[in-house]
Structures are given as C-alpha cells and as structure tokens.
Amino acid sequence: MEDFADKGLQVVIGLAIFAAIIGLIMLVVDRAPKSGREKLQVAGFLAPALILLAVGLVFPALQTSYLSLTNGNGDFVGLDNFVWMFTQPEALVTLRNTLIWVVLVPLLASSIGLAYAVFIDRARGEKALKALVFMPMAISFVGAGVIWRFVYAYKGPEQDQIGLLNQVLVWFGQEPKQFLLDAPENTFFLIAVMIWIQTGFAMVVLSAAIKGIPTEIVEAARLDGASAWQQFRNVTIPTIRGSLIVVVTTITIGTLKVFDIVRTMTAGQYETSVVANEMYTQAFRAGEPGRGAALALVLFLMVLPVVVYNARLLRKQKEIR
Amino acid sequence: MSTVPLDNQKELLRDVDDDASQGNPTMQTRVRQRLTSRGATAAAIIIAVIWTVPTFGLLVSSFRPEDNIKGNGWWNVFTDRQFTLENYADVLSPGGSQSPNLLSYFVNSLAIVIPGTIFTLVLGSMAAYMFAWGRFRGKDSLFIFVFALQIVPLQMALIPLLQLFTQVLKFGDFQVLPSGTYAQLWVAHTIFGLPLAIFLLHNFIAEIPGEVIEAARVDGAGHSTIFWRIIVPLATPALASFGIFQFLWLWNDLLVALVFSGGGADVAPITQRLAEIQGSRGGEWQRLTAGAFVSIIVPLAVFFGLQRYFVRGLLAGGLKG
C-alpha cells in the first residue's frame, strides 16, 4: 500500500508542477505591459505546445533521418542500412509481410465491415449487433493478442484441445495445427487479429454513410426494378464512395504502423516480423539504431502518400460542401 | 489509431444519433427491410458470432480453475460448471517476483494515463485557442504545419527522444525527467498527442461565436481570462470527447511504454506487463486470461459507459466541419 502512496504522490507532484508552469504563464501574460501585450500573450499560449513539438517530434524526426545513414557506433555509412533492408533475406521477409498486411487488412476489414453494415441496416437489434462488432476497437492490441493466442492455442493430437480453432479442426477430423509457428501462413493468422479489430471501425463509419443515402434514390432504384445486388453496386457504393476511401486509408495507415500484435503474439519470430516491429527490435534490442532509423524512415515514406491522398480528399469534400 | 481523421469521428456520431431516432418505423423502413434477405441475416449472425466468441471464451476461461483451463477447452463449461476467482486473486496480488502483480501495474497505467491526458488537453487547447482566435502573422501556415505533423509516425521520434531524455536533459546527476518515474512517459505521450489534439480542438473552438469573445475583449478581458472563463467552459464537450479518445489510446499503448518505462513494477503500465507474461510464460493461461481481462476492463467500461457522451461532443464540434 505504501507503494501506491508513493505513486499517488508522484502523480500529485507531476500535476502540481504542470499547474505551476501553466499558472506562471498565465500570470506573466496578464501582467504584461500594454505595448506588445498581444504578442506576449500569443507566445505564452503557443510556446509550451510548440516547444514540445519542436523538441520532441520535429527535431527527433530529422535526427532519425540522419541516424538512418549511420551504423551502431554512429559512424556515417551512407545507404548501407537501406541496402541491408532491400537485400538481406530476413529484412526482405519483413518488407514482404508488411506488404501482405497492408493489402489484406484494409481490403478485408472494409469489405466485412461494409457487408455487415448493409446486412444489419434497419434490422431489429441493430444497435446491439453493432456494439458486438465494434467492441474490439476498445480492446488494446495486447489484450487482443492474448485473446487470439488463446483461440490459436495448440495441444498435441492425443490431448484435449484448449484452443477453439484447433478444436474445430479436430471436430472436422483434421490434425491440430501450430497456427503461429508455421511460416508463411502464420502471418495470415496475425492479420486476422488486426481485421478483427478494424472491422468495427469500418462498419460504424460506413453504416453512418449508408444511412445518409437519400431515400428517394433508393426508392427510385427499387421502382426501376433493381435487384438488391444491383442497388448495392449502383446506388450504395457510388454514394458512400467518399467514406469508403476515408475508411480504407485510415485502416491502411494503422496497419502500416502495426506493432503490438506482432510483438506480443510472435515477437516477430517465425518469419512474421513487420516494419514497425523490426524497427523496435533493431533499435532497442539488437543495438542497431541506424537500421532502426532506416526502417522508421521507410515507414514514414510508406505512410506519407496515403495521408496526403486522404488530406486532399478531405479538402475536396469541404470545397464541395 | 492516433490519426483517425475528424470526418470519421463526425460520422461516428451521426450514426449514434440515427440509432436514437430509430423509434419511428416508416414506409422506408419496411421497404429496406425487404431488401435484407435471409442469407444476409445468416451472414450477419455468423460475423457477429465470430467477432464475439473469442472475447467470450477469454472471459469464461478467466473464471475456470487452472487445471480445467489447461486441460480442456472452455466450451466444456456448459457441461462442467466449475468457477473460481482464484485466477484474479493470483494475478492481482503482490506476491514474489514471479507473481504477475498486476494491481501494481494497473495503478501505473492510471498514473501514466491521467496526467498524460490532462497535459495534452491543457496544452492542446491553449494552442488551439490561439490558432483560432489569436492575431499574429504566419498563423495559418504554422497551423497547417502542426496539422501536418500528424503524418510523422512516432517511430520516427523514439530513438532521439530517448537520448534526449536520458543524456541531454541531464545536468550532473540531475535529470530533468528522471528515469524510473512516470515523467518521461507523460511528456512523450503529450508530445505524440498534441498534433491531433490541437487540430480537433481548434475545429471546435473556432466555431464558438465571435461575438462572445469580442464582448469579453471590449470589457477589457485578456487572453487568459477569455480562455479560462469562456473558451474552456464552452469547449467542455470537445475536451471531454478528445480526452476520452486520448485516455483510450494511452491506456492501450505498448510501444511508448516499452521505450520509456524501463519495465519495472514501479513505472510500467499493465499492457507492458501483460505482453511480458505472454512472452515469458505463454502457457500460463489461468494468468493470461484473468490478466487480459483486468487490462481490458477499463477501456471497455469507458467505451460502453461514455460512448454516447463522446460521440455527441464530437458532433457538436463538427457541425460545420
């Protein structure tokens, strides 16, 4: 219990220091002389956030870019780290896996989310049905990792299975399988976890978009004798296109940065590593900050076009409105 | 997860509002229902089951005696009803170094997340206020730059930031942000949360009617008075909404914790401990199931308890987008 008191005290001190800093800023900007007061006030309000961002994000990002050109001892090595990344088999596996992730997760999570949103649209109990699929969004990736490792748990064929998936295999007369150990298919079982988490997000956003489709359009299509599938293809999809793109790009960005799932379920072993996990392993476990930095830079370069595309789209939508 | 564009969140809300107004079955409702075939219903149920069963299995297992968890599948509870709270007592109690000692890490999570969220909210809203209502040259370009910082994956900042905390911000034996305390995590989380916080809160604060602020100015109120007396109370819904998002992200974080916490029971959050138990004692399912549930109970409670509230707050913030 004493331990908890210490921790509580630490929090109180932290909050007190923070409050003191903010209070000081407020005091200074209030007491400022009339001339130049506006400038000082602006500076006082902006400075804390901007200094933190400059020191904690902008400068480190630039430094990381430079680090990517050095080796473990800090010597300049040119593009060696990038050569390593694109030639060494273990690094290539990482890139290949990341590619598989970034194709499958957005595609499947959005498709399943969309299908589910359409299926349950206006159905009885829609809200509860939504909550069920949306719930994994609140669960940490680490928690999800435990949940799914338990689903994939393996016991020898002569024993009772404790993992649901292996039990299903046994029920169908198959041998139980080491889902997370056997490459290359183990990557797909990790990807399933990410899809499980992201589908809820896609479903909720797309469901809102579907509800926003003007009823007249749906009605008109129906009167023209369009089948359910034709309506879906020719009315629903084109109308919610904007939301669909936002969903796909958002999930794409999240997938590129995926770290926790791989870290907790396989730690990147058995050929399951991805760029974000390898970055951590190289920089903080293997003592290769240069390689880690290079991987972080590659991650940035992969995220960049997606974000730019997304931002452009948002701007265009705003102009239309 | 940290880059969900505003529009998505807006749509989240719209959705819940739709749910709220669903009590009036009209013509269209019937029309739409006919489009939903039996096959679609079946597919929806299958998806809902797949999305729920893994979590359900974890929850059920966490209440089963150790021998049962390890000996046979959780689906056997329907015939063999034995339940215990032993697993929870085991993972929470402080015991020896081998014990999961999760209560301690649970407290750490709270001690990291609460100040981390408060700092981000205060600094973010101060900056957002100036970007919305301050008068200074270069405002727009500076704001766009801060917005663009969301692109930088936090992986880009980790290595230099750790060096900064441990080597640069150190004068003799005095560390500005001492290792072995929560301070580094608070600051790191604040930095990584600021770009999105400033952007979202700016959108809300900019919508506050200008007359209100003008009137206060005419009465001679300075920025600090306006900020604390007018902006903060009026922006409470937006602050609450973003606060909840930030709370969930920080609670579920693993990467930042791994880099800055040192990993001991005095600082590390529960996600990190859970990941550790998974790595070192992956077969201890009685601990993993109970531990995972302890770690996801807070986000789940926040999610189900406050869903409506944060959704409504964001809606108010994005009326005009």
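User: Which elements of chain B have the lowest and the highest mean pLDDT?

Analyst: This is a predicted model, and where pLDDT is low, the coordinates should not be read in detail. In chain B, helix H1 (residues 6-20) has the lowest mean pLDDT among the elements, 42. H6(B) has the highest, 93.

User: What is the mean pLDDT of chain B, and how many of its residues, in percent, reach 70 or more?

Analyst: The mean for chain B is 79, with 82% of its residues at 70 or more. Under 50 lie residues 1-35 of chain B, a stretch for which the model has 59 contacts beyond four places in sequence. Residues 313-321 of chain B are also below 50; this stretch has 26 contacts beyond near neighbours in sequence.

User: What does the fold of chain B consist of?

Analyst: Chain B has 15 helices and two strands. Of its 321 residues, 49% count as buried. Among contacts in chain B with a separation of 6 or more, 75% join residues 24 or more positions apart.

User: How many residues of chain B are in contact with chain A?

Analyst: The size of an interface is often given as the accessible area lost when the parts come together. Here the description is by residue contacts: 96 residues of chain B touch 100 of chain A. On the chain B side, helix H6 (residues 102-133) supplies the largest share, 14 residues. That side divides into 56 nonpolar, 31 polar and nine charged residues.

User: What ipTM and pTM does the predictor give the complex?

Analyst: The complex has an ipTM of 0.83 and a pTM of 0.84.

Terms used:
Residues numbered from 1 in each chain as written. Chains lettered and ligands numbered in written order. Predicted model: local features only at pLDDT ≥ 70, side-chain atom pairs only at ≥ 80, totals over all residues. Contact = placed C-beta atoms within 7 Å. Helix = DSSP H or I, 4+ residues; strand = E, 2+ residues; numbered from the N terminus. Nonpolar A, V, L, I, M, F, W, Y, C, P; charged D, E, K, R; others polar. Buried ≥ 20, exposed ≤ 12 C-beta atoms within 10 Å, placed from the backbone. pLDDT = per-residue confidence, 0-100.
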